[in-house]
Structures are given as C-alpha cells and as structure tokens.
Amino acid sequence: MGNAIPGSLAETIRSLHGERGEAWLAQFPALRERLARRWRLTIGPPLPGLSYNYVAPAIDEQGREVILKLGPPNKETITEIAALNHYGGRGCARLLDADPEAGALLLERLQPGTMLVAVGDDEEATRIAATVMERLWRPAPRCHAYPTVAGWSRGLQRLRAQFDGGSGPFPAWLVALAEALFADLLPSQAAPVVLHGDLHHYNILQAERAPWLAIDPKGVAGEPAYEAGALLRNPVPQVATWANLAQIQARRVAVLSEMLGFDRERIAGWSVAQAVLSAWWSYEDHGEHDTAMITCAEALATLL
C-alpha cells in the first residue's frame, strides 16, 4: 500500500522534532488516510530519496495527478504555504490545497519532473535556473510573516555561542568572512522580494505548462541577489568533488550577473556567507558540519 514512512525519513523526523516528531509518526497512518478521504485521493508509494517530508504521488477523483506532501507542522510549513500562494503557480508548482495544522500540502504534480541536475551542461543549467528565479520574484508584502535574510544570518551568532566565541570545527577565517559579508551586504539590500530560499538543481523540475518550474520553496524575504547562493553550492554532494570548482563558480556567477543584472562580487559575497551558514545549519540539525558547503565557500571566496 506504500502507506509507511521510510525508515531513514522516520529517523530524520525523530532527530529534528524529538517527542513531537515521534507523536506525529505514531499518528501518520491515520492522518494519511484522513487526508485521502478529505481530498478524495488514491495515494501511491512515496517517492524515493525523501529527506525531511513524506512525499507521494496521488490521483484525485477527477483523475488529476497530484503530490501529497506531509511533515510535522512547523514554521517552515506555514511559510512554504504562504510562498506558494504568493507565487500562484508563476515559476513554481501550484498549491491546490493545504492543511497547515496537519502539516499537509496538496500540490500540482510536475511532469515529466526531470530535475535540473540531469542537465549535463552546467552553463545551460545555470541559465535555466536564472529564468526560473526571474519568474518567481515578486515584491514582498508590506506586512508578512516570512523569515528574513537578516534573521537567517543570526544563525552565525548561535555558532559563536555554541563554541564560546570560537568557530569549533569550522575554519575560523571563513566564519569571520561570512560575518563580515553579512554585516556589509544586509544594510545595502535592494527592495525585498519573496525568495524561494532553497532554489537549486533538485528543486527545479521540467514541467508541461512551463519548461521548468520550482518546488519546495522556503519563503524568505530579501533582495533578489541572495537567491543565487543555493544554486552555487549545488548539486551536492558532487559539487565538492569538482577539481576546477572555482572556475565553474566564476562562470556561474558571470552567467547570473549577465542574465539578472547583479554585481558579480555581490553574488559571490552572499553565496560565501550562505555556504558557511548552511554548514552551520547542518551542524545544528545533525551534529556535524557539511564539508561540501565549506568547500564551496572556499572556492567562492576566491571570487571576492
């Protein structure tokens, strides 16, 4: 029936959400069945390679192919729903329905759904990502509940607190550079838009109604140039193994600058700061830092 949570996903949910995650896992089968009745779905087995949420294809009573996404309710669920509603299907998969209290989203299924990572030409993939970025960005509402780039940057304060003012397993010079970059870039941000916040090679898919569309937005308010960071530190893990990584990153930055009109050094600066922040988030979630993020930050720092 494919109604069970894959073991690796269950462990991640327990690790991230503790007792609340355990309680959510216990009631998951009943929740899944309740949503199937409510939205009149025939739900298939979950997709492979799940990381933080249960995601399964389904068919509704009209024969539409859809996606059911479930996870323990949290702030990111709320901001994802808000971002999807804000985009309204422009540059992104459509949100068909949602139950925030249940941590449930019913989404348009993108077909054929091939990920951007399958595009062999890195420059072409970068250009595709840039076109998706442009379609997504719309001004942030004056009053909103999205996290902000400034708020995200405060993760580095937690890093310092964790290691009594030091940098722990993270290269001291990189942490200091990331802090300096955030301090320089935040006050000079352009007018904020609703950013995807995690727009990379696994979150951009081929679709029928548009050549490429995004999935899984985080929803964060900040200047458009910030969006490039996730793309430049992906695809993981292979990006960290590229011998000519700095050259590849320089070409990517040049393409994004050309297509989107951003200053190259500003793109690189945001991307270095984000890569260090991403490595710290990995440490917060899993107790170990992501060395691929550090490798990307080191390569990108050569562009400053």
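**Exercise 1: a strand and its neighbours**

All 5 of the 5 residues of strand S5 (residues 104-108) are buried, so the rest of the structure largely encloses this strand. Keep in mind that you're looking at a predicted model.

Task: work out which way strands S3 and S4 run relative to S5, and find a residue pair for each.

Solution: 
- Step 1. Start with S3 (residues 65-70): 5 bridges join S3 to S5, and the two run antiparallel. For a pair to click on, take valine 66, whose bridge partner in S5 is glutamate 108.
- Step 2. Move to S4 (residues 95-99), which is joined to S5 by 4 bridges, again antiparallel. Here leucine 105 in S5 has alanine 98 opposite.
- Step 3. Check the turn: the hairpin of S4 and S5 has 4 residues between the strands, and glycine 103 there takes a positive phi near 70 degrees.

**Exercise 2: helix H2 from end to end**

Task: compare the span of helix H2 (residues 75-87) with the expected one, then look at its ends and its cover.

Solution: 
- Step 1. Just after the helix, glycine 88 has a positive phi of about 60 degrees.
- Step 2. Now pick out buried residues of H2, among them Ile81, Leu84 and Tyr87. The cover over the buried residues of H2 includes S3, S4 and S5, plus helix H3 (122-136) and strand S6 (193-195).

**Exercise 3: aromatic pairs**

Task: a search of the whole structure turns up 13 aromatic pairs; describe two tilted ones.

Solution: 
- Step 1. Tryptophan 24 and phenylalanine 28 make a tilted pair, 5.5 Å centre to centre with 45 degrees between the planes. Both sit in helix H1 (residues 7-38), 4 residues apart, about one turn of the helix, and both are buried.
- Step 2. For tryptophan 152 and tyrosine 226, the ring centres are 6.4 Å apart and the planes are at 55 degrees, so this pair is tilted. Tryptophan 152 lies in helix H4 (residues 149-153) and tyrosine 226 in the loop between strand S9 (220-222) and helix H7 (228-232), so the pair ties together parts 74 residues apart in sequence. Tryptophan 152 and tyrosine 226 are both buried.
- Step 3. Widen the view: ring pairs link Trp152 and Tyr226 with Phe182, Trp270 and Trp281 into a cluster.

Technical notes: Residues numbered from 1 in each chain as written. Predicted model: local features only at pLDDT ≥ 70, side-chain atom pairs only at ≥ 80, totals over all residues. Heavy atoms only, no water. Buried < 20%, exposed > 50% of the residue type's maximum accessible area, 1.4 Å probe, protein only. Pairing = 2+ DSSP bridges. Phe/Tyr/Trp six-rings, centres within 6.5 Å; stacked < 30°, edge-to-face > 60°. Expected span 1.5 Å × (residues − 1). Contact = heavy atoms within 4.5 Å.
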